[in-house]
Amino acid sequence: PMVVSIASGMVKVTDVQGKAVPGVTTSLVKATNTVSKAAVSDAKLAADGSLPKMAAGVYSLTLKVVPENKGVYSEQVTTRETTVTAKVAPKSAALYVTRSSKISDQDLKHLAKYPRSITEDLLVDESEHYLHLKFGLAGEGKKKPEVEPDQVFVQFTHVQKGKSAVFLAQASGNVYGLKMNLGGSDFTDNTFGPGLYHLSVIVGGALLEKSYNWKIAELQVKWPAESKPASAAEKALSAKPEISHIFQEAARTPNVLISLVFTLVVLAPLAIVYLGIDYLGLELRFPSGTQRLWAMGFLGSLVAYLVLNLLYFLVLNIFQALAGLSVVSVVATLAGNRALNFLNAARKAGGGSKKTD
């Protein structure tokens, strides 16, 4: 079998061992741009097998190979893909270091032509924080570039630390530029502090003949420590203001004297009952027999009411208190009813006497 390959713009026909096959005729049947799907008109191979001149792009080529000795090799039609590149290179650059975000007539312009760099020492202090960079690209013969590069970046490389930060250059036709506030957070948060930086332009793309990394200038960046903007990491780790909360304001309470007077008023009926019994000469005693048990049960239920009321204020919630109250109420009702029935029966048996049990 024959092997058809394309290298350096040349079509080659070899055997499986890589040796050229003599006496073959190779022709270009069709050449189509894979992106636009447009066919190349009058596409023909040169006598030495070189491809026709085509615009930069990716092409699908249909090739026909006819061997001279058809007894050894057979005629074949095959398809190959090839990329046609274009020359796009940096042309020149202009660099300004200013005190404001706009360029004025008084600002000094630093110029450089590829591949040379700016020879002046550039020092940026606290009064000159803005950098303006403009640079152009040119195609072959210093004409307009045939294709636009896929990647155009401006790179700041910290010489001492060996680290780089890359920023996207903004395009305006064939001119690219970058405006950077060197004292602002866009620069300080993405670069590596004060020091000497190499300022470079990076140009690359799939359809470019080669990529470029052009060192334009050396830039000494410094600023006073007290005026250096804090980075995002420093802001995150800095001390925060103390947090104070008012969870709940204390409820307003009456004067202590008022509370004491209210307590005495509530307890006054108990004192009146105790003193009234003594004053009237009444005698209190428990009845005897079965009636005694019901009377004690009734009085016990009254004591339970008081204890339950105290526990409600100390430990019980309203549902627990209501549950206990329902039990005590049943005991109080049953015991009180039985005790009063015994007392009523005793009075009837005594013929209505005033004897009190």
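**Exercise 1. How many aromatic pairs does the count come to?**

Solution. The structure is a predicted model, in which local features need pLDDT of at least 70 and side-chain atom pairs count only at pLDDT 80 or more, while totals for chains, interfaces and linings use all residues. Residues are numbered from 1 along each chain as its sequence is written, and side-chain values use heavy atoms, with hydrogens and water left out.

Begin with the rule: rings of Phe, Tyr and Trp (its six-membered ring) pair if their centres lie within 6.5 Å, and planes under 30 degrees apart count as stacked, over 60 as edge-to-face and the rest as tilted. By this rule the count comes to eight aromatic pairs. One of them joins Tyr114 and Trp214, which are edge-to-face, with 5.5 Å from centre to centre and 90° between the planes. Tyr114 sits in the loop between strand S7 (109-113) and strand S8 (122-124), whereas Trp214 belongs to strand S15 (residues 212-221), so that distant parts of the chain, 100 residues apart, are linked.

**Exercise 2. Which parts of the chain does the pair of Phe156 and Tyr197 tie together?**

Solution. Look at the geometry to begin with: Phe156 and Tyr197 form an edge-to-face pair, 6.4 Å centre to centre with 80° between the planes. Phe156 lies in strand S10 (residues 151-158) and Tyr197 in strand S14 (residues 195-204), so the pair ties together parts that are 41 residues apart in sequence. Next, consider accessibility: Phe156 counts as buried because its relative accessibility is 0%, and Tyr197 counts as buried at 0%. Finally, Phe156 and Tyr197 form one aromatic cluster with Phe167 and Phe187.

**Exercise 3. How many salt bridges does the structure hold?**

Solution. A salt bridge requires a side-chain nitrogen of Lys or Arg within 4 Å of a carboxyl oxygen of Asp or Glu. The structure holds two salt bridges. In one of these, the side chains of Lys64 and Glu75 meet at 3.6 Å, N to O. Lys64 lies in strand S4 (residues 57-67) and Glu75 in the loop between S4 and strand S5 (76-84), so this pair ties together parts that are eleven residues apart in sequence. Glu218 and Lys215 also meet in a salt bridge, at 2.9 Å, N to O.

Conventions
Helix = DSSP H or I, 4+ residues; strand = E, 2+ residues; numbered from the N terminus. Buried < 20%, exposed > 50% of the residue type's maximum accessible area, 1.4 Å probe, protein only.
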